[in-house]
Amino acid sequence: MPLRHHLAAVFLLAAFPAVSLAESPGRAVADPAIEARVADLVGRMSLEEKVGQMVLGGWSPEFDEKEIVDGALGILSNTGEAGSVAKADARARSVRHSIPLLFSRDLIHGYRTLFPMPLGIAATFDEAAMVTAALFTAREGSAQGLDLNLGPMLDLSRDARWGRVVEGPGEDPFLARRFAATTVEGLRAGGMAATLKHFVGYGAAESGRDYNAVDLSESRLRDLYLPPFKAGIEAGAQVVMAAFNTLNGVPGTANRHTLIDILRKDWGFDGIVMSDWDAVRELVAHGVAADEREAVEKAVMAGVDMDMASGLYGEHLASLVRDGRVPMARVDEAVARVLRVKMRLGLFDPPEKRRRIDPAMAPQALARPETREAARDVARRGVVLLENEGAILPLVRPPKRVAVIGAMAADAGDHMGAWGALGRREEVPLLLDELRSRLAPHGTKVTFAAGCDDACRSTEGFDAAVKTAKSADLIIAVLGEPWWMTAESTSRTRLGLPNHQQELLDRLAATGKPIVLVVFAGRPMVLRDVVPKTRAILWTYSPGTMGGAALTDLILGEATPSGRLPMSMPRAVGQVPISYDRLPTGRPWKPGDELATRYVDEEITPLFPFGFGLSYTRFTVGPPEVARDVVGLGETVTVSTMVTNTGTRKGRESVQLYVHDVLASRSRPRRELKGFAMVDLAPGESRRVTLEVPVAELGFHDDRGHYRVEPGRFEVFVGPHSDTENKVSFTVVE
Ligand code: GLC
């Protein structure tokens, strides 16, 4: 665990000592005592008992006790409160061999207290914030007896049509790697293990249509989509979830290349691979298995150790072994992995050593003030200020009359976002209420009109909303995607504001009143018709339980925005997939060049670039300097620059470092993120920021999947976003 994570986690734990920082951070290593105990136990188990350990079932607060008594379950998922978990735990331990259950649930951004959706956590560009979100999520989940988070979701994506972008870390592999490592570390520090999902390439679904086919070259697979998973495993993750999609024609649930060649042989991963929900059965629909029995054989033999929710392992696996179609050795290998992970997580430890689930105490761990404060802080850091014409924000001298327009301002579900686990609507301070109560002391009267429901399929309420707006001095419009239009199976073909929201915004703009727009988004959207109508835009990816309070903190200037875009914002859906690390092509784009790579009806650049975000102050990032302009293959490039706050308010600047390999055996991206840091500066304050990049990071994979760094000249760009031209060169030598 890099020092800064330790510091972050230690700071947080010092503030909230209730959690023991994991004693052995970092990649899991084989422990001879555990291996001996695993081998002994496997040797004493019947075939049925072994198969039971390969089943992930449950899915209801009141589980089926018979499944546990029959030893037919290895992981119980989505269980309810601590009481039912404690009961199930005791029942499992009372069965022959006393093999404990793992308890799992999808907690990708919180349990009872919801943090911003993961894309909004990535938008903080702040590793301490990423650790915080995971740490407090795990503290709430583990207090309820949950051991295994079915997260983080690490699917890189450049395609905003795909609804699940909001569950992941965005378009860039370096940011995604940091998100992976910090989330795994934070979960462990909070008492939960991680499941890295969905392995692999799910975010590259053709046409952005969820579950659709994925085709990736070996080079692109290993340069972009695999690194976040490798980072998660290096950070100690013990479980991986196979992806629904086909990769180059082979479903993730039956893909020996990804699950065995890469995960086991290349990376030496010795933990559990589980399927996604019912994905074993889906091999029949994929057309790679004649029936469910063959689906089980294909999944097991491709390396899927655990079947989530289909029940087919329980139904067919024992007979497949008896018929000799699945070797007992393969079952033993899978069971050994399940038992190994359970032992590594301490579930086999004696009662006095292992974590106790105390149903009476559990509720006190939920929705605690410090957890809500952490969620508010991360939500603030994840908000991206896209526009602030005439510095209309912050409202230091709020006007007398403010009209809040838009159903989301008063919709707790839209604040919390998808995958809301045990989030409670009544525990969400609504943006509307926060604005009303905190503007009141300034003598400001806040009125409200929904205009339409959060999806805005009707324009009936527009006249009333316009009437409300006309009687105000300022409009705060709250628009975007309702929570149920985001996440799984919510792909869209259009990327503008949904349904009639643009029409509502146009009607509000026609009043001539200044508009501050707050967007609750589930993906990058096309804002070309929005920006001209608004004075300021605050962009959030479902800001979570405390998002309303966090947004009000920013609107009133009690905090200053520091979020940065984790995905490029396209000008038009026709540009998608789009990302900052495009190749130059043989005809690099130049304005006005009619034979360059271009569109005739749109620029090729995004409306707002990856890494972009404004603040309430202004910064200068000085020319980058390299400590040495010639470095060897095994060395590190040290780059520094002076950052100055030239404005009148304190603020946080994101300093991002990008590298371009100028000449190589393959065409290389115009730039690639290789470092970032946040720096807090008072007005007029300057600070030298230094970032280090191991030369080993500057390579790429060839089509056979071999990684190499090629000597030669590199350019390094340092600035506040991915379009900075602030650069210096260095040379790598053998
Ligand atoms: C869903 C998702 C996966 C989730 C699982 C269990 O289909 O693909 O991310 O962990 O089922 O809820």
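# Reading features in a predicted model

Modeller: Start with R376, which belongs to helix α16 (residues 369–382). Helices (H or I, at least four residues) and strands (E, at least two) are DSSP runs, numbered from the N terminus. The model is predicted, so local features need pLDDT of at least 70 and side-chain atom pairs count only at pLDDT 80 or more, whereas totals for chains, interfaces and linings use all residues. Residues are numbered from 1 along each chain as its sequence is written, and side-chain values use heavy atoms, without hydrogens or water.

Colleague: Is R376 buried or exposed?

Modeller: Buried means under 20% relative accessible area, exposed over 50%, and partly exposed in between (1.4 Å probe, protein chains only). R376 has a relative accessible area of 18%, so it counts as buried.

Colleague: Which residues does R376 touch, beyond those up to four places away in sequence?

Modeller: Contact means heavy atoms within 4.5 Å. By that test R376 touches R438, M546, A549, A550 and D553. S686, in turn, is 310 residues from R376 along the chain, and their C-alpha atoms are separated by 28 Å.

Colleague: How do I read burial for a whole helix, such as α9?

Modeller: Go through its residues. In α9 (residues 218–225), six of the eight are buried, so the helix is largely enclosed by the rest of the structure. The buried ones are E218, S219, L221, R222, L224 and Y225. They pack against α8 (173–189), α10 (227–234), β7 (246–247), α11 (256–266) and β24 (700–701).

Colleague: How many aromatic pairs are there?

Modeller: Rings of Phe, Tyr and Trp (its six-membered ring) pair if their centres lie within 6.5 Å; planes under 30 degrees apart count as stacked, over 60 as edge-to-face and the rest as tilted. The count by this rule is 14. Take F125 and F676: the ring centres are 5.4 Å apart and the planes stand at 65°, so this pair is edge-to-face. F125 is in the loop between α6 (118–122) and α7 (127–143), and F676 is in strand β22 (residues 672–681), so the pair ties together parts 551 residues apart in sequence. Both F125 and F676 are buried. F714 and F730 are a stacked pair, with 5.5 Å centre to centre and 10° between the planes. This pair links F714 in strand β26 (residues 712–719) with F730 in strand β27 (residues 727–733), 16 residues apart. F714 and F730 are buried too.

Colleague: Which residues form the aromatic cluster that includes F125?

Modeller: The cluster consists of F125, F174, Y580, F610, Y658 and F676.

Colleague: Where does the charged end of K197 sit?

Modeller: A charge sits over a ring if NZ of Lys or CZ of Arg is within 6 Å of the ring centre and within 35 degrees of the ring normal. The charged end of K197 is over the ring of W419, 5.4 Å from its centre. R671 lies over the face of F717, at 3.8 Å from the ring centre. H660, in strand β21 (residues 651–661), touches both R671 and F717, and its other contacts include R713 and F714.

Colleague: Which residues come nearest to the ligand?

Modeller: Near means that a heavy atom of the residue lies within 4 Å of the molecule. There are 13 residues around the ligand, and D106, R164, K197, H198 and D276 come nearest. An N or O atom in the D106 side chain is 2.5 Å from a ligand oxygen. For R164, a polar side-chain atom is 2.8 Å from an oxygen of the ligand, and for K197 the distance is 2.9 Å. The protein covers 93% of the 310 Å² of accessible area that the ligand has on its own.

Notes: A polar contact is a pair of N or O atoms within 3.5 Å; within protein, one must be able to donate a hydrogen and the other to accept it, and residues adjacent in sequence count only if both atoms are side-chain atoms. Accessible areas come from the Shrake-Rupley method with a 1.4 Å probe; for residues, only the protein chains shown count as cover.
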